[in-house]
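Take a moment with the model before reading on.

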Amino acid sequence: MAELIRMSAAEIAAAVRGGEVSAAEVTGAHLARIEQVDGRVRAFLHVAADEAREAARAVDRRRAAGEELGPLAGVPLALKDVFTTVGMPTTCGSAILDGWFPPYDATITRRLREAGVVILGKTNMDEFAMGSSTENSAFGPSHNPWDLGRVPGGSSGGSSAAVAAFEAPLGIGTDTGGSIRQPGAVCGVVGVKPTYGGNSRYGVVAFASSLDTPGPLARTVLDAALLHEVMSGHDPCDATSVDAPVPPVVAAARQADVNGMTIGVVPELAGEGIQPGVLGRFHDSVELLESLGAKVIEVSCPHFSYALPAYYLIAPSECSSNLARFDAMRYGLRAGDDGTHSAEEVMALTRAQGFGAEVKRRIMLGTYALSSGYYDAYYGKAQQVRTLIIRDFEAAFERVDVLISPTTPTTAFPLGERVDDPMAMYLADLCTIPSDLAGNAALSVPCGLAPEDGLPVGLQIMAPVLADDRMYRVGAAVEAALDARRGYPLLNDAKGLA
Amino acid sequence: MPDSTTLVSYDEAVARYEPLIGLETHVELGTTTKLFCGCPAAFGGEPNTHVCPVCLGLPGALPVPSRAAIEYTIRIGLALNCSIAHWCRFARKNYFYPDMPKNFQISQYDEPLCTGGWLDVTLDEAGPDGSPRTFRVGIERVHLEEDTGKSQHMGGATGRIHGADYSLVDYNRAGIPLVEIVTRPVEGTGALAPAVAHAYVKELRDLLRSLGVSDVRMEEGSLRCDVNTSLSPRGSGQWGTRTETKNVNSLRSVERAVRYEIERQAAVLDTGKRVIQETRHFHEDSGITTPGRSKEEAQDYRYFPEPDLVPLAPPAGWVEQIRAALPELPAARRARLQQAWDITAAEMTDIRNAGALDLVEQTIDAGASPADARKWWLNELARRANDAGTELASLPITPADVARVAELAASGSLNDRLARQVIEGVLAGEGTPDEVVAARGLAVVSDDAALTAAVDEAIAANPDVAGKIRAGKVAAAGALVGAVMKATRGQADASRVRELILARLTQS
């Protein structure tokens with residue numbers, strides 16, 4: 001049997017089911033790996049070692065009792081610190097929630113526990129999921145396992161770094177503007193934004209309610225699909241949850257075949273502003289798909305050019321309201337409560353101290369955009385753009401099964417490079433934002449290394465609403481072909497921890 | 001100080017100015033659960049015991065709307081003759097306040113569930129010709145929103161947040177479904193503006209009770225009114241600047257608050273100043289209003305569609321089902337009963353104002369005549385309820401009990417005094433009227449043999465009175481009747497006693 005931390009989730013689950021290894025051993029190996037490398041990667045904000053060991057032993061006991069184990073029972077997982085967890089803190093990467101222990105589990109947390117998935121701990125993130133590098137975390141950035149001097153992407157950079165650093169075979173993130181796919185791409189792992197509403201948001205601390213989408217991070221497309229099926233499904237606690245069957249993503253990942261499919265290249269996302277090496281790997285992917293039997297055509301989506309500005313009105317508007325609850329009255333940080341300040345002043349002092357610069361920037365942007373007299377010109381107009389982007393997707397999916405583009409304009413950038421340049425940081429989500437606005441599914445799969453910096457490049461595959469299975473089919477085909485060509489998984493080339 | 005406490009007399013004020021009123025009424029729905037979570041919506045409870053992550057607005061928690069609350073709102077909208085939206089949305093109203101867990105309230109903004117209805121209201125005072133005065137109050141909108149928690153500000157003089165040492169917040173009320181009913185501006189009321197406001201809230205209260213959507217207890221805050229008032233010089237054809245008076249929490253206060261604002265605004269306008277558009281607070285004790293937040297520096301609530309909820313699109317078939325199941329509405333019911341009982345509008349108003357309509361109807365259903373049912377509830381029982389400081393409906397006596405007492409009295413088994421004793425016994429928990437009659441031995445003595453002896457004794461004991469009667473002064477018989485009644489401890493049939501006395505003293 002391979003080294004435990006190098007095994008895929010599917011392999012671990014099979015080995016645990018077959019009694020070849022105990023869940024406790026698997027968890028122990030991953031906790032040891034965290035111990036060994038996380039001082040450098042800083043993927044985790046909180047490692048729940050005791051709880052993880054106990055959860056693993058519970059799986060072992062269930063197996064010993066002859067119970068049937070689910071498809072991911074005994075598999076360790078790194079959970080983004082935006083999901084509420086009983087017994088573990090939930091900070092959202094913010095000082096304002098430092099030390100908050102939620103009294104309830106998110107629906108996804110509960111589903112993981114019920115499935116016997118072992119939650120190793122809570123991973124770092126840009127504060128309240130606002131950012132593309134984890135540098136907006138109040139607790140310091142995470143580091144990219146390919147090059148510790150570079151960002152792991154964000155906002156789910158802690159989960160993507162943990163998966164890439166073999167600290168966990170599975171991670172969970174949330175994608176609001178690209179926060180799963182972008183860190184997945186720059187860490188060389190698979191990142192999936194399922195169809196909006198396919199995964200419950202109950203217990204996911206909200207950034208932008210109409211965009212936030214929980215989804216899996218994994219080292220293989222099949223692992224991502226297995227996790228997708230465990231996480232997904234209708235949740236009566238989330239009014240925006242879709243009451244529809246989960247698309248057959250595991251079967252699609254196993255099918256891994258694009259023969260006869262029509263695939264559209266979106267020129268608006270594959271030209272200007274894209275790093276040459278990223279574009280090169282993207283063009284290689286197009287050729288690869290054609291060689292695998294797909295028909296590739298160009299499909300213009302003219303309104304995608306307006307996606308970024310529309311996003312930066314809608315997401316801040318919603319966040320300005322969602323984050324209003326952090327006011328020191330009921331939980332979290334409280335500043336200025338020394339008897340000399342009014343409740344209103346305590347609220348203001350707490351928010352001034354507890355929120356970081358990017359969060360404040362977006363709250364102010366959103367507050368402005370929703371203001372009386374500006375609403376129509378900003379929030380209202382952005383919603384119209386959103387409708388046009390949805391129509392672009394609908395028209396495109398009349399002609400093709402899936403759309404493809406690079407996941408990110410560049411590979412992982414150096415820590416500190418963009419912290420003082422919000423616009424440059426925002427551009428990291430250029431290619432991912434359209435699917436967030438439209439709510440359709442999208443997946444990033446590693447498609448090679450950019451020659452100029454030797455860093456991983458992601459191929460984004462976008463599928464229609466509730467047709468998530470299609471992108472798994474394509475992603476798994478690309479993954480299989482590239483692994484076969486290379487002779488080993490791409491992550492073997494990650495040298496940051498060597 | 002813009003808060004001029006100079007008043008103009010009411011008659012002068014309405015002689016010079018035309019009042020315009022509008023009412024916003026908040027009603028807590030009587031659903032089992034809160035609007036967006038499964039917590040009980042019941043009034044009271046130990047502080048912060050009816051709470052969960054959703055109604056506490058904990059990070060990550062999400063609202064899921066209650067079907068019952070939506071159905072109740074549609075019921076109200078239909079009863080108020082509104083159109084029900086085919087598609088509408090909840091919106092967030094953003095402002096910071098400690099008793100609001102999320103610092104936004106889920107409400108409805110430009111897409112309310114119900115729009116464009118009316119309510120006909122009847123004033124207590126009849127018109128100059130004696131016919132009832134009715135007004136049609138236009139309903140602008142009816143929408144659904146969540147209630148906030150309740151703050152208690154400790155240590156300050158005013159009970160307001162400013163100046164308090166500390167504040168306590170109870171979130172039991174947070175998330176209870178609240179329906180807001182907004183009238184159109186009510187024009188043309190003239191001097192009757194306060195009475196129309198009063199009649200509207202009363203009619204609305206009765207309507208909501210009949211719909212079974214709320215217990216409508218104003219003293220518990222389940223119905224709260226904001227009253228908008230403005231004045232314009234008579235004949236100007238323009239609307240004046242309005243004030244919004246909050247904290248108007250009883251029917252009487254509605255009337256007083258409008259009246260006070262008319263007197264106050266008239267004084268302001270008389271001195272050539274302008275009325276400031278502002279929120280004012282009504283004080284129950286003094287009956288005055290004082291300024292609150294000025295609307296001119298009002299906050300911007302930054303409404304936007306609630307992204308945690310999907311649009312609300314009640315299917316037409318469901319709305320029609322709700323419409324078909326509406327009960328008879330109070331005004332129609334009053335008209336029907338007034339005719340059936342053959343009483344005047346004023347008499348019906350008395351019954352209604354006493355809160356006795358259901359009780360009188362049930363008593364009549366139990367066999368009493370309309371006159372008897374009215375008499376007992378509005379006189380003896382109203383007096384006792386008043387003495388006990390309770391409502392009629394809370395008295396421990398059933399309409400069936402009252403009907404039985406009336407029946408016993410009508411058949412001559414009880415006289416008025418005995419009947420009152422029976423009622424007293426029932427109220428004291430001694431059992432049904434028949435049980436009280438049996439236990440206390442209360443029955444009219446109409447047996448001539450028993451009465452004749454008592455009559456003879458009375459005649460013997462009062463020879464001078466007897467003499468007067470014999471001499472033709474029949475009116476003097478009252479004294480002898482009283483003596484017999486006393487001797488029989490009130491159980492004699494007084495009219496029979498009188499007959500026997502007269503027969504004895506005038507026969508020979």
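This is a predicted model: local features need pLDDT of at least 70, side-chain atom pairs count only at pLDDT 80 or more; totals for chains, interfaces and linings use all residues.

Begin in chain A, at strand E9(A). Four bridges join E9(A) to strand E11 (residues 456-463) of chain A, and the two run antiparallel.

Look for A:Val265: its bridge partner in E9(A) is A:Ile404. Is E9(A) buried or exposed? Strand E9, residues 402-406 of chain A, is mostly covered, with five of its five residues buried.

Now return to A:Ile461. What does A:Ile461 touch? Leaving out residues up to four places away in sequence, its contacts are A:Val402, A:Ile404, A:Ala442, A:Leu443, A:Val445, A:Met471, A:Val474 and A:Gly475. This residue also belongs to the largest nonpolar core, which has 240 residues. Within that core, A:Leu77, A:Leu120 and A:Ile461 touch the most other members. Chain B takes part too: its helix H3 (residues 193-211) gives the most to this core, with eleven residues. In soluble globular proteins, nonpolar side chains tend to be buried together.

Next, look at where the chains meet. The contact takes 33 residues from chain A and 27 residues from chain B. On the chain A side, the elements that give two or more residues are helix H10 (307-322) and helix H11 (343-354) of chain A. H10(A) gives the most to this side, with three residues. What classes of residue make up the side of chain A that touches chain B? It has 17 nonpolar, ten polar and six charged residues.

Move across to chain B as a whole. Chain B has 16 helices and 14 strands. Its radius of gyration is 30 Å, well over the 23 Å that the globule rule gives for 508 residues, so chain B is more spread out than a compact globule. Its C-alpha atoms fill a box of roughly 100 × 55 × 50 Å, taken along the principal axes. Of the 508 residues in chain B, 42% are buried. Now consider the contacts in chain B with a separation of 6 or more: residues 24 or more positions apart account for 69% of them.

How is chain B divided? It has domain 1 (10-45 + 61-147 + 177-318), domain 2 (332-440) and domain 3 (448-506). The C-alpha centres of domain 2 and domain 3 of chain B lie 33 Å apart. Between these two domains, four residues of domain 2 of chain B are in contact with four residues of domain 3 of chain B. On the domain 2 side, those residues divide into one nonpolar, two polar and one charged.

Finish with a sheet in chain B. It is an open sheet of three strands, in the order E4-E3-E14, with antiparallel pairing. Which strands are at the edges? Strand E4 (104-107) and strand E14 (304-305) of chain B are, and each pairs on one side only. Two bridges join strand E3 (residues 91-94) of chain B to E14(B). To locate this pair, find B:Ala91, which stands opposite B:Pro305 in E14(B).

How values were computed: Residues are numbered from 1 along each chain as its sequence is written. Chains are lettered from A and ligands numbered from 1 in the order in which they are written. The radius of gyration is taken over C-alpha atoms; the globule rule is 2.2 Å times the number of residues to the power 0.38. A residue is buried if 20 or more other C-beta atoms lie within 10 Å of its own, exposed if 12 or fewer, and partly exposed in between; C-beta atoms are placed from the backbone. Two residues are in contact if their C-beta atoms, placed from the backbone, lie within 7 Å. Ala, Val, Leu, Ile, Met, Phe, Trp, Tyr, Cys and Pro count as nonpolar, Asp, Glu, Lys and Arg as charged, and the others, Gly among them, as polar. Domain bounds come from an automatic or database domain assignment. A nonpolar core is a set of buried Ala, Val, Leu, Ile, Met, Phe, Trp, Tyr and Cys residues joined through C-beta atoms within 7 Å. Two strands pair if DSSP finds at least two bridges between them.
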